[in-house]
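Please look through the model shown below.

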Amino acid sequence: MTDTPDAGPSEEKSCVECKTVLSGNAARYSRCSTCRGARRQGKATGTATLPPPDDAPDAGGFDTDGVEPVTIPFDRARPAAPPHREFYWCGCLEDCPTHAVTVGGISFPLWTGEVREEAPGRFKYVDRTHRGQVHHLTDRNVALVKERLVQRVVRNGEIISTLDVVKSDGTVLRRFVPQDGDRSLGEFVYMVRVRHRADRPMADPPTMIPRE
Amino acid sequence: MPQMVLTGGQGGTTRRGLRDAFANAYDSVVEQTKADLAPVMALDLPSDTDQEFYAYFKDAPFPRFHPAGENMAKAGFAAVQFSVINYDYSLEVEWRRNDEGDDQLRMLRPRAAQTGLNFVYRFTDAFFDVLLSTTSFLPATLTAPDGSAIFATTDGGGANRFGATNGNLLTGNGVASAATIRTDIFAAMAQFRLMQNTKGKPLFPPAILNQGFIVYAGAANEEILNEAFFQNPTSNIAPAAGAVAAQNIFAAAGKRVELQLHQQITDNDMYVFLRGTPYKPIFHQAREPLSEAYHDEITSAEHARAKLRSLMYTTRDGYGLWLPYGVVKINN
């Protein structure tokens, strides 16, 4: 049963709910205008008993018979929580073979510059304004730096990997052989947890691996 | 008919030979060296003073919705200025006049040629100094005009460099297998697609991204890298039952990749250059071209007193690091 106009000729009849006589154009509907409005708003009419639930509205005004939302369990705490990050002041020393070491995807520059706004919309790059660079790193970032740092040594002014390069069939393509004078790259870089992005709290930060 | 032996002073066949040796060495390799570097380094930018000032505009503003009856939004251009200093790069090759006369093997000529060869490699030396942040040739390490080193995850202000997480410095998975190398190279290719301009729009259009990539890596990893990049297509060889024929996945994916292996790269890091980038990350400005001066007992009292002869070479160049969005480092 619907509230759309009947296709046939109009004739006198009564509302199926409140029994009000429907005449003229109103007779094209099975309910009076009051009951149709009440149905749309989910209200019961004043005088009539609600019809059986085959076309009764739900509390929100919609028919939910045969309707079922699809939901999945979701642990809001796990994916929504961002990884914990802290600021780390990272850099290398003057005697490091390269003046911008990268370890574990983190740069350890000797210097960083700064783009200063001299006038609205006009900027000027000023070189070597800060020692090192402050990064906002997760614990995983820091762990990877520690892991990768010990895999590199400084030999004759070059940074080389201590990892052997081995093919899938086991053939060693390049083998690292320690030599006298090899020094860990960790003796040339520093990483200091600091309070904010502009924090560079000491003049001589200790290297990640202490020098002998 | 008398022949021209030398210009600019007295001279003989030996001295003319030396001069020719230097000149030939330079001429024969300079064009090749430049050709090798051209896809990754801009060469011979003009310079006419001691320090060149450059400026780059941030991206032009993009259109915004204009409600009817209201004034249109206004936006201006912002520009960043930076500079590159020209320095002298010189070398004098000196030998004893007696040695030249006694040299029965004529070894001075190849030695002279080697000197000229070394001089032309200043482009290569400067390129690797900037790429690796070393100072074997340049007087100081260069930083990019956004404040950071050539490779960094953030710019000098702490924002994601070029609008992409990790900037132009990616964490690699090592070179233990060809598969991990390929994975990392594809990650670098994707990183170029993720970069944004200063207005948050894609930095590179597909036409540039499709022009291919050049991968610089250490010479010591030659075999494993070639295995990763240049597997022979074996589509004409029936694989074993259940197996998949090996193929070059880069070629299959339509990626044009050129591999450059160099001894200057001593670790397992890889550097992926975007061939079509409109501005190369590293550039050279030419203030004064290479010049030579020959001195001997005729032209120099000092040389005559010491019985020496020498050739002096000098040039005046500047080397700069532009915003390095055209290169991504894979840090292994």
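The largest cavity has a volume of about 70 Å³. Here a cavity is a set of points, on a 1 Å grid over the protein atoms alone, where a 1.4 Å probe fits but cannot get out, and lining residues have an atom within 4 Å of a point. Grid points are joined across faces, edges and corners, and a volume is the space filled by probe spheres set on the points. The structure holds 1 cavity of 30 Å³ or more. Residues of chains A and B line the largest cavity, among them His99(A), Trp111(A), Asp127(A), Arg128(A), Ser133(B) and Thr141(B). By class, its lining has 6 nonpolar, 4 polar and 2 charged residues; Ala, Val, Leu, Ile, Met, Phe, Trp, Tyr, Cys and Pro count as nonpolar, Asp, Glu, Lys and Arg as charged, and the others, Gly among them, as polar.

This is a predicted model, in which local features need pLDDT of at least 70 and side-chain atom pairs count only at pLDDT 80 or more, while totals for chains, interfaces and linings use all residues; side-chain values use heavy atoms, with hydrogens and water left out. Residues are numbered from 1 along each chain as its sequence is written, and chains are lettered from A and ligands numbered from 1 in the order in which they are written.

A pocket, unlike a cavity, is an open set of points with protein on both sides within 12 Å along at least five of seven lines. The largest pocket holds about 1,100 Å³ of space. Of the 46 residues that line the largest pocket, the closest to its centre are Tyr56(B), Asp146(B), Phe162(B), Thr198(B) and Leu323(B). Strands S6 (111-119) and S8 (133-138) of chain A and strands S1, S2 (51-57) and S3 (79-85) of chain B each give two or more residues to this lining. Its residues divide into 24 nonpolar, 13 polar and 9 charged.

Strand S1 of chain B also belongs to an open sheet of 4 strands, in the order S1-S9-S10-S4, with mixed pairing. Strands (E, at least two residues) and helices (H or I, at least four) are DSSP runs, numbered from the N terminus, and two strands pair if DSSP finds at least two bridges between them. S1 (41-46) and S4 (87-96) of chain B are the edge strands, each pairing on one side only. S4(B) and S10(B) (residues 308-321) run antiparallel and are joined by 10 bridges; Tyr89(B) has Thr315(B) as its bridge partner in S10(B).

A second open sheet in chain B has 5 strands in the order S5-S11-S8-S6-S7, again with mixed pairing. Its edges are S5 (169-171) and S7 (257-262) of chain B. S5(B) runs parallel to S11(B) (residues 327-331), with 3 bridges between them, and Thr171(B) stands opposite Asn331(B).

How far can the predicted coordinates be read where pLDDT is low? They should not be read in detail there. pLDDT is the predictor's confidence in each residue, from 0 to 100. For chain A the mean pLDDT is 83, and 83% of its residues reach 70 or more; chain B has a mean of 83, with 83% of its residues at 70 or more. For the complex, the predictor gives an ipTM of 0.78 and a pTM of 0.77.
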